Every structure is written in structure tokens, then in C-alpha cells.
Amino acid sequence: MTLDDKENEDKENTGKKIPRRTMLRAAAVSAAAALMGASGVQRAPGAGQPAGSNARTGNTPGTADLSGAAPNGNDTTQIYADPTKNTGTLPGKLGTRSPYEQPVKKPSDISSRTPFQDLYGIITPSDLHFERSHAGVPRIDPEKYELLIHGMVERPMVFSLRDLKRFPAVSRIAFIECSGNFRSGKETMTAQEICGLTSQSEWIGVMLSTLFREVGVHPKATWFLAEGSDAAVMTRSIPVEKGWKDAMIAYGQNGEAIRPEQGYPARLFLPGWEGNTNVKWIRRIELSDQPFMTREETSKYTETIRDHKIRQFSFDMDARSIITYPSFPQQVEKGWIEIRGIAWSGRGKIDRVEVSTDAGKHWQKAVLQEPVLDKAHTYFRHLWYWDGKPTEIMSLAVDDTGYRQPTMKQLIQARGTDMGGYHVNPVTAWQLKGDGTVLFKPEKWK
Amino acid sequence: MLIKRSSCYRVAVVMVLGMLACHTNTRPPVSDWPSRFGFGKTATSRQIDSLNISIAPDGKGLPSGSGNAATGRTIYLAKCAACHGETGAEPTPNRLVAPMGDTSRVKTIGNYWPYATTVFDYIRRAMPFNAPGSLSNEEVYSLTAFLLYRNEVIDSTVLLNAVNLPKIVMPAKKYYVDDDRRGGNEVR
């Protein structure tokens, strides 16, 4: 705080007894009165789509809820017919969203999904990052936090959060996706409902390899157990190789401390691997020469495939993409449409995204927006003139290993009709109706 | 069979390089890093013991104590039945009982879980849902025995303990295979 700021603040605290807030409120009342019956109130354009197209606001965020107040005490919810005729909100302690923009996660009892139909680009706002926990979000005191590393090591050690932050830090932009990230069943489903269990952040922390060197991991250690301090004391066994390669103990997310829902104060981050292995609230790492066969890696995150087989330790997330504009519940008009979406692969970079605007008969290469990062959501675009005739649009991701995102039919051919619900990454199609309505094309599965 | 000596040398060189590559893990990522930073504290055996509750499929980590299905049933009715049903076979979202061959196609301990040690480990670390970590080792052995009995994996008379629990071969174990997806132009 500069001297000037201090002075201003003192003035505000001790000055005349007409605080700014009261004045703003008075102004707001008169403005609100002026609005009654006037055409000054404008409906906010639907988020995640170009201005000018009509949003269906029935069951989506987009209609402004004007009841809230900003954490700084300034009322940011007043709508003026002419913003140039009223003083705006003064600087505050925390930023706010426009009252016209209200993207929300979609929670169930066990998870909460990212609203892709309302977002742009590749970074997921931290408060919209998907959630999946097995016994709720624990509240952990960072002063009491400790990470224990023991088992097949030369020196079993405990690290406080402060200790972890003293080590050389790294940063990486990459996605985390739950391996159960697929829903289908009806036409009125959003991208959030279909695949909202993936999100992307800049993760900041210490490489696990740095900690492995510090404790002296035994050369014969082949697996390690990662254990969380939630009420499920969630555990997964991870090959030590991944720990040396690119695993991180992350304490930062998008420029601030990691959010409680994402593992505050520290989590395991395994780029490209199924979300469940990225153990949140990590408290213990035990080096071993065998996997522990925990509940999550046996009875849960495994999938049935052909011949009654059960596939286990399916760590890598295969390439996938989805068009987020246009998508349900957005509405489009005949003419130029820029198709937009995200593509990602847990095995490497996105090599290309192909888009079809004629129900899969022909495919064209979409433009990839830089940066195209390893194991990261990548934004793609494809400009298209829609003649207004009903059709289907879809996208297909290809990663730098040459893997092509499969159709549901190809997945069923490979895994059988009894295939389990994990690692299901089919091409997703949207139906464009003659009236500009966009509907999901549900997959026939089970 | 003709193998030229130069080929042998080449193989040897490749092998040595390969061995060196295996050891690069412990090398610092930046050349001027110290061998250790000295941050953190050595963990005492007391600290380790207070946190270390892991159990391996070979039984390593299993505590002393024992329990049978009859005792387990009483504990089950008092502490588990509210969510899992009176017998464990009810069609709840958390169904636990369906022996191998059951036609309900629900994944349970009897038809899907590959290791019996996992049952003990999971109950002890995470159950009951409203009071996780509250069960004694005896109670956990008893509940494990009850659930394995109900799933027709063991006899009702078995007194389960650290010695016989890891020896149980679960019916579903034979179906487990490692991930065979490898990227590239194939769908698996």
C-alpha cells in the first residue's frame, strides 16, 4: 500500500458521513426507476458464442441474477440504461464476474462438471474446474500439512508445505480428466453433461523426481502408493517410472494456491493420466516393489473388455475432442459459423483435428490455436457456411502418436458390447435443425 | 548361425548405453544442483507407523487379530446395512453381494474384486461412510469374513486372519489383464 492509498483509505474511514456506498445506492434506485418500463434492460448474450446469435436461456446460465453483492461491498449488480451517465463500481479486493455471465459447475453427489458451452480457450477458471471426490473435500491447515515419503528409500522423510515450496519449482499447463468422463442418452445434453469431467490449469509445484532424489529411492522400487488425507484416505499405486518422468507435487493452480476442491494444499499431478491417479490432499507416498491393489485400481477404475476380461492400470487418457460452439443449448442462424472446440490427448500433442459438417461423409482440417501443448487442451476452429439445411457436425482428434479418436462403433468393435464406462472417448456429433436448434446426437451404447 | 563380432560389440555398446540411461533418473535435471537440498526432516518410525495403513496383496501390512462371518453379520447389521441393505445383495447403488455367475450383472466383491486383501484395506480406511476409520481390526476382519462368505468365496466357519486372508484366490482374479492400449493408429 502506498502512502496515497493509505491516505485515501483513512479519508474514507473518517470522512463525511455520506459513504460512497449510500450514494451509489441512491443512484441505483433512481436508475432502477428510470428502467421501469424502459427498454434499457438488455438480455445478456449467451456465453461462449458470438454476439448476435440467440441463446436459449431456459435451462442455462446466462440470465443475470441481480441479487448478489461483490465481496468488496460495492454493489456490482445494478444495471444502468446508459453506463456513461453513472459512476461505475470502484476498485475492490476481489474481481467479480459480470452479472450477465454466470457459468456454473453441474454437481451430482460425487462430481461436478465444467461448463464448456460457456467457456473460451484452453484454461479452465479455477472455480469452474471439475470436481470428483470420494468422501468430500477436506479442510486442511497448511501449517499442519506434511507429506511423508517412505518405504523403499534410503531416507524416509517428511516435508512441510514450506519445505515443498523451497525446492526448485516448475510450471506446466495440462489437463486432468476423469476416466469416467462420458455421458449419453438424450438429445438435450450440453458439452458439460457429456464430457465436463476434464479441465485445464497451469499447475505449479515441485517435480516428484526432485523429492525422489532427496529421499534416495531404491533402484528396485517399481511402484509407489499415493495416499490422500480425505475421509476416504484415497489411494492409488503408480509406477515409479512415471514418478521419475514427469510427476509433480503441485501446490499452485492458475497463479494462486491450489483450490480445496483440487487438493489444497498439495496434490499429485500426473500429466495425461486418468484423473483418479492424481491423488489430491496427498499426505503419504510409499515406495514398493509391487502395486498395492487398492479398491480404486481394482473394483473401480478398471474396465470390462472382450472375452470377460477386465483391463487394469489403464493410465493414459486417449485423444478426444468436442465441439463447444455450436452445441446444445445454443441456437444458430444460416450463414457463416465458426465452429470451435477443444481437443486433447494424454499421450502427447494434438497433431490435428478434423471436422465434418455433413454427418461424417467428408472431413476437413480445423485450424489449431497456439499454444498446442503436450497433454493439454488445444483450441480448434473451423469456418463454415451453413446453408440452413439440417445436418450433423462433429470433430475428430488425432494425436502425435497417430491415434485417431474413434467412433462409438469402433470402440464397441474393439471392446465388445459389455465394455465398461471408463476411457470412453467417442467422436461427438451435434445435430443442426432447420430452425437453428442444436441438439446432441446420443450414442447407442447400452 | 553367423553373428559377426562387430555386431556383438554393437550389441554390447547398446546394452551399456541402455544401462546408463536407466541410471539417469537419479541425476539432477540441472547440472549445478546439489545431490540433496537438505529440506524436510527425517521421518521417525513413530511418524511412519502412525500413518502407514497400507496392505499389499501378499498380506504385508495386515495387523494381528481375527474375525468370522457370524460376528461380522452382527457388525454389518449395526453399521453397514443402512447403505448396503440387510444382506448386501439388495439392489442398492452400493451393492456388495453377488457371487460369480449371478445374473444381475452388477459388479461386486464376489464377481469383480481380484484380491481379498483389498476388502480389508478399503473397509478399514474408508468405512463406514459416516464414521470412516472408526472400526477396530477385529471388526474389520469380521466384516471381511462376512462379505466373503456372503459372496460364496469362503465358508461360514473360517476364522479370518493375517495368514489366511492373503491366500484366498478371488473368483474374478483370472479375468484381470494389464492395459494393452499403446497409442498409434489402433483402437483398443
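The structure is a predicted model, in which local features need pLDDT of at least 70, side-chain atom pairs count only at pLDDT 80 or more, and totals for chains, interfaces and linings use all residues. Residues are numbered from 1 along each chain as its sequence is written, while chains are lettered from A and ligands numbered from 1 in the order in which they are written. Chain A contains eight helices and 24 strands; helices (H or I, at least four residues) and strands (E, at least two) are DSSP runs, numbered from the N terminus.

**Chain A as a whole**

- Of its 446 residues, 46% count as buried; a residue is buried if 20 or more other C-beta atoms lie within 10 Å of its own, exposed if 12 or fewer, and partly exposed in between, with C-beta atoms placed from the backbone.
- Among the contacts in chain A with a separation of 6 or more, 69% involve residues 24 or more positions apart; two residues are in contact if their C-beta atoms, placed from the backbone, lie within 7 Å.

**The two domains of chain A**

- Chain A is assigned domain 1 (112–311) and domain 2 (320–440), with bounds that come from an automatic or database domain assignment.
- The centres of these domains, taken over C-alpha atoms, are separated by 27 Å.
- In chain A, 27 residues of domain 1 are in contact with 28 residues of domain 2.
- On the domain 1 side, the elements giving two or more residues are strand S6 (170–177), helix H4 (191–195), strand S7 (198–207) and strand S14 (303–304) of chain A.
- That side of domain 1 comprises 14 nonpolar, ten polar and three charged residues; Ala, Val, Leu, Ile, Met, Phe, Trp, Tyr, Cys and Pro count as nonpolar, Asp, Glu, Lys and Arg as charged, and the others, Gly among them, as polar.

**Strand pairing in chain A**

- Three strands of chain A form an open antiparallel sheet in the order S1-S2-S3; two strands pair if DSSP finds at least two bridges between them.
- Strand S1 (106–107) and strand S3 (131–132) of chain A each have a single partner strand and stand at the edges, so one side of each is left without a neighbour in the sheet.
- Strand S22 (residues 391–399) and strand S23 (residues 429–432) of chain A are antiparallel and share four bridges, with Thr391(A) partnered by Leu432(A).
- Leu432(A) also stands opposite Val438(A) in S24(A).
- S23(A) and S24(A) form a hairpin with five residues between them, and Gly436(A) in the turn has a positive phi of about 90°.

**A buried loop residue**

- Ala266(A) lies in the loop between strand S11 (256–257) and strand S12 (267–269) of chain A.
- Ala266(A) counts as buried because it has 29 C-beta neighbours inside 10 Å.
- Beyond its neighbours within four places in sequence, the contacts of Ala266(A) include Tyr145(A), Leu147(A) and Ile282(A).

**Where chain A meets chain B**

- In this interface, 47 residues of chain A are in contact with 40 residues of chain B.
- The elements giving two or more residues to the chain A side include strand S4 (146–151), helix H5 (208–215) and helix H8 (408–415) of chain A.
- The chain A side divides into 21 nonpolar, eleven polar and 15 charged residues.
- S5(A) pairs in the antiparallel sense with strand S1 (residues 41–42) of chain B over two bridges, and Lys41(B) is the bridge partner of Val158(A).
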